[in-house]
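Take a look at the model below.

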Amino acid sequence: MLEAGEYAVSIRSDSHTVIDERTFTLSADKDYSGSGRSSDQAAPVNRFDYMEGSHPTLSRKDGFANYDAATAAPGEDEFELSKDRQNAIQEISVVKYDPADYDNPDDVMPTTGAKGSLTLADLAGKGYDDANWEKLLNQLSIEDMTTLINTGGWQTAAIESVGKVAPPTVTAPPACPTMSPALTAPSSPLKCSWPRPGAKRWRRRSAIPWARSSPTPTTMAGTAPP
């Protein structure tokens, strides 16, 4: 739903600094809930109805008229999920996930564990459609792929079959406070909203305790001072 009114679309260097901006006016409400937009493959629907609690949500309507109700302590009955909500959550729970439901008889098992001499470094700068990517992937074993997925939260594991090393790269948003107690500022807001001088000072300060806490020489991508 787009309500009638004037809209501004801007490009910014951070959350506060506008580089360029365009405005447009919508003369009437646009409701896409029925058939969707012309570019949509399906009409939009709310798939999170089961997440709605029984407690009222604070609303701006009438100057936050429901403030008292929305900030009141929850009732005893609100501490337990209803049976309908429990069932809805269980239906999408990974506990009930069965990969066989998604099997396609026409699928072809990819090659794994193939002998080869290609390394990840050999494909540095190569295009997406380079034929050697397929050969490189064929060298990965099921265990290799499992390792990449299971340990790929804030870094990527070493994979010997393709000559891949394990750099201590911790640039994911949750990485800084998780990987080192000394780094407490979230990196995602830092990159998106901090003025550059302030972000640079934080990077310099955080790089020193990170280096001191590391038992081996490392490089923290995006954090070490220039």
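Asp101 is exposed, with a relative accessible area of 59%; here buried means under 20%, exposed over 50%, and partly exposed in between (1.4 Å probe, protein chains only). You'll find Asp101 in the loop between helix 3 (83–91) and helix 4 (131–138). Helices (H or I, at least four residues) and strands (E, at least two) are DSSP runs, numbered from the N terminus.

Together with Asp98, Asp103, Asp106 and Asp107, Asp101 forms a negative surface patch. Patch members have over 30% relative accessible area and no salt bridge, with like charges joined within 9 Å and nonpolar side chains (Val, Leu, Ile, Met, Phe, Trp, Tyr) within 5 Å. A salt bridge is a side-chain nitrogen of Lys or Arg within 4 Å of a carboxyl oxygen of Asp or Glu.

## Where the numbers come from

This is a predicted model, so local features need pLDDT of at least 70 and side-chain atom pairs 80 or more, while totals for chains, interfaces and linings use all residues. Residues are numbered from 1 along each chain as its sequence is written, and side-chain values use heavy atoms, leaving out hydrogens and water.

## A nonpolar patch

Val94, Val95, Tyr97 and Tyr102 make up a nonpolar surface patch with about 550 Å² of accessible area together. Val94 sits in the loop between helix 3 and helix 4 and is exposed at 71% relative accessibility.

## One aromatic pair

Searching the whole structure turns up one aromatic pair. Tyr7 and Phe24 are stacked, 5.3 Å centre to centre with 10° between the planes. (Rings of Phe, Tyr and Trp, its six-membered ring, pair if their centres lie within 6.5 Å; planes under 30 degrees apart count as stacked, over 60 as edge-to-face and the rest as tilted.)

Definitions and conventions. Accessible areas come from the Shrake-Rupley method with a 1.4 Å probe; for residues, only the protein chains shown count as cover. Lys and Arg count as positive and Asp and Glu as negative; His and the chain ends are not counted. The place of a charge is taken as NZ of Lys, CZ of Arg, CG of Asp or CD of Glu.
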